[in-house]
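Reader: Please show me the chain. I want the fold first, then the packing.

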Amino acid sequence: MSATWLVPVDGSAHALRAIDHVIREALKDTVTPAIVLLNVQAPLPSDITRFVASSVVQDYHREAGEAALAAARDRLAAAGIGCSLHVRIGETAHVIVDFAREQQCSLIVIGARGLGSVAGALLGSVTNRVVHLSELPVLVVK
């Protein structure tokens, strides 16, 4: 059974550095791990969603997620590495850890910082939370 690596992607430069690391490491192995890309969208506030059809909200999250995943998908494809793309909605760190467990991933590869708030970007708060919440190995790429 081959390994499955989860790479959370938010469209940031740090996420793309994680993708570059995954490419280098995956190409070294004789059996390329399955690569799973995940983008987590923050839920929209209820004062917006109560006036907008749920299908419109779902389309918004899907389109924003796909846009955030595009550069990572393209880099992997250029290296000849396939991947699966997933977009989820919720609290980022919890969604990443739960998704990794559900998908039976063997490793989470995550950028040191992402596109969160200014304080979150400086501290890498999502990454820190994933490290603390996950029972799986987490590789943090600077």
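**Fold and packing**

Author: The chain has 6 helices and 5 strands; helices (H or I, at least four residues) and strands (E, at least two) are DSSP runs, numbered from the N terminus. This is a predicted model: local features need pLDDT of at least 70, side-chain atom pairs count only at pLDDT 80 or more, and totals for chains, interfaces and linings use all residues. Residues are numbered from 1 along each chain as its sequence is written, and side-chain values use heavy atoms, with hydrogens and water left out.

Reader: What pattern does the chain follow along the sequence?

Author: Take the elements as they come along the sequence. The pattern is β-α-β-α-α-β-α-β-α-α-β.

Reader: In what order do the strands form the sheet?

Author: Strands pair if DSSP finds at least two bridges between them. Strand 1 (residues 4-8) and strand 2 (residues 34-41) run parallel, joined by 5 bridges. The sheet is open, its pairing is parallel, and the order of its 5 strands is 3-2-1-4-5.

Reader: Which strands stand at the edges?

Author: An edge strand here has a single partner strand, so one side is left without a neighbour in the sheet. That applies to strand 3 (83-89) and strand 5 (138-141).

Reader: Which strands does helix 1 touch?

Author: Helix 1 (residues 13-28) packs on the sheet. Its direction makes about 160 degrees with that of strand 1; axes are lines fitted to C-alpha atoms, for helices over the stretch in contact, and angles run from 0 to 180 degrees between N-to-C directions. Contact means heavy atoms within 4.5 Å. Helix 1 touches strand 1, strand 2, strand 4 (107-111) and strand 5.

Reader: Are helix 4 and helix 6 parallel or oblique to each other?

Author: Helix 4 (residues 92-102) and helix 6 (residues 125-133) pack at about 40 degrees, with axes 9 Å apart. Angles under 35 degrees count as roughly parallel, over 145 as roughly antiparallel, 65 to 115 as roughly perpendicular and the rest as oblique. The two helices are therefore oblique.

Reader: Which residues of helix 6 make the contact?

Author: Helix 4 brings Thr92, Ala93, His94, Ile96 and Val97. Helix 6 brings Val126, Arg129, Val130 and Leu133.

Reader: What radius of gyration does the chain have?

Author: The radius is taken over C-alpha atoms, and the globule rule is 2.2 Å times the number of residues to the power 0.38. With 142 residues, a compact globule would be near 14 Å. The chain agrees with that, at 15 Å.
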